[in-house]
Amino acid sequence: SGPDLEWRFIEKLRSDGMEDLALRQLEEFADQYPNDPRAAGALLEAARGEAALGRTLRARELCEKILERFPSSPEAPAAALLRADQLIDESRWEEAAEAYRSMLAAYPGSRESAAARLGLGEALMSLGEDVEARRLFTGLLGAAVEGSVAARARFDLAVLDLKAGADSLAIERFDSIHLQHPGEPVGAFGLVRAAELLEAREASEAAATRYETVLENYDNPVLRSRARLGHAPLVDDNDPGRAVDLYRAVLEEGASRDDLKAAYLGLGRSALASGDTSLAGSVCTAFLERFPEEPEVDQARLIRAQALLEDEPELGERSLEDLGRSRDADVAWQSVEILARRDAEAGDLDGSAMRWRQAEANAMDPERKAHALLEQTRIAFAQERFGFAADLGVLAAATTGVDTVAARGLLLAARSSAEDGDLEAAIAHARRCSNEYPMAAASAAARQDLAVWTRMS
């Protein structure tokens, strides 16, 4: 018959991967056979298909057609929910909240009502109405609520805890999603968020445990890449080989574009740290071929230049010279720093000092400027230019906002003044170091020097 033949045609289109044409035919089916029991379902399938393709306006139009033509159908609550969900996807929070309220008023006992309360809570949370949002989420934690909805409600409650400054409670709640709702993908996101919060607290082992739990229990490649990219930096210092394996797995399993870029660069750095300069160079060459226009290209060139220093030092140094003029301030700084240290190791203190002056001039923040001044102070001291070294040390202390750096600058200034024969200035610098930065390690050394110089004076 006509509708059955048309329905089989639609199924054939979908099985052949002709989704766009199938969606149009589903709508035409509902228009042509409005009394067929499949009509409302056809429109709902079309709406879901349009939503999956990111065509939110078209999806909403189809949902509105269902609610207008088939308001009492079993598909109507799902259409009302999908319509509101599309408004959420468009960040139209107030309209979404109103749509969820309308859905709950029209279909209060429907299977979709719990998901609608979740959506309403998320819309209200985005509008800053956290108290009402928390009430809605808390009401979704009962055993009768579908697992995916309850899991998302727990995640949203953890986000609210975080907004309220209750970090410990947020970590506990993020962790609980995996335990209370095993297998739900949002549980992996909860573990990753908990791990990130623990990293901020410098609880690296606890963070690593959560990343490992994601890798052991979840198959989603996006979630696994997030876990690997979080886990790798935690093991890089002590076990760069393990970090190499984690980054390589991201590239092998696939990930989002941003995650792939992070994996390439992380693999290059970890390979360099493990001594595998060949891998580091080839990975960064692959990055440059795949992402030639991305802002991170100079980061890849920096890693490749460092790898070249081992086998082709002249080419590596020329590459670093070029990168010292990079628009990427971090890359420019690191390039000059590497060259400055190589000059110093080769005994070329004048060349090293010149590079640190370049770094100081180009530094984008006071801490890097202070670091460059401190390195110049050490070089001037080694060259027995004690008066100049004392001035640089004082300038470094005045530039930084970090107590330990300021204390080191004043200690070097004091010792430079003493070597220059100016005990009065040495004592003044040492006293200032001791009085202003009493908890810094350099302050203890300054107090010992001060006792000697005071007896000498």
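Okay, let's start with a cluster of charges: Glu-27, Asp-31, Arg-58, Glu-61, Lys-65 and Arg-69 are linked in a network of salt bridges. By salt bridge I mean a side-chain nitrogen of Lys or Arg within 4 Å of a carboxyl oxygen of Asp or Glu.

Before I go on, this is a predicted model, where local features need pLDDT of at least 70 and side-chain atom pairs count only at pLDDT 80 or more, while totals for chains, interfaces and linings use all residues. Residues are numbered from 1 along each chain as its sequence is written, and side-chain values use heavy atoms, with hydrogens and water left out.

How many salt bridges does that rule give? The count comes to 42.

Let's zoom in on one pair from the network. Glu-61 and Arg-58 join through their side chains at 3.0 Å, N to O. They sit 3 residues apart in helix H4 (residues 56-69), so about one helical turn separates them. Helices here are DSSP runs of H or I, at least four residues, numbered from the N terminus.

Buried or exposed? Glu-61 is partly exposed at 36% relative accessibility, and Arg-58 is partly exposed at 26%. Partly exposed is the range between buried, under 20% relative accessible area, and exposed, over 50% (1.4 Å probe, protein chains only).

Next pair: Lys-12 bridges to Asp-16, with the closest N and O atoms 2.5 Å apart. Lys-12 is partly exposed at 46%, and Asp-16 is partly exposed at 45%.

Last one: Arg-92 and Glu-90 make a salt bridge at 2.9 Å, N to O. Arg-92 has a relative accessible area of 27%, and Glu-90 has 26%.

Key:
Helices (H or I, at least four residues) and strands (E, at least two) are DSSP runs, numbered from the N terminus.
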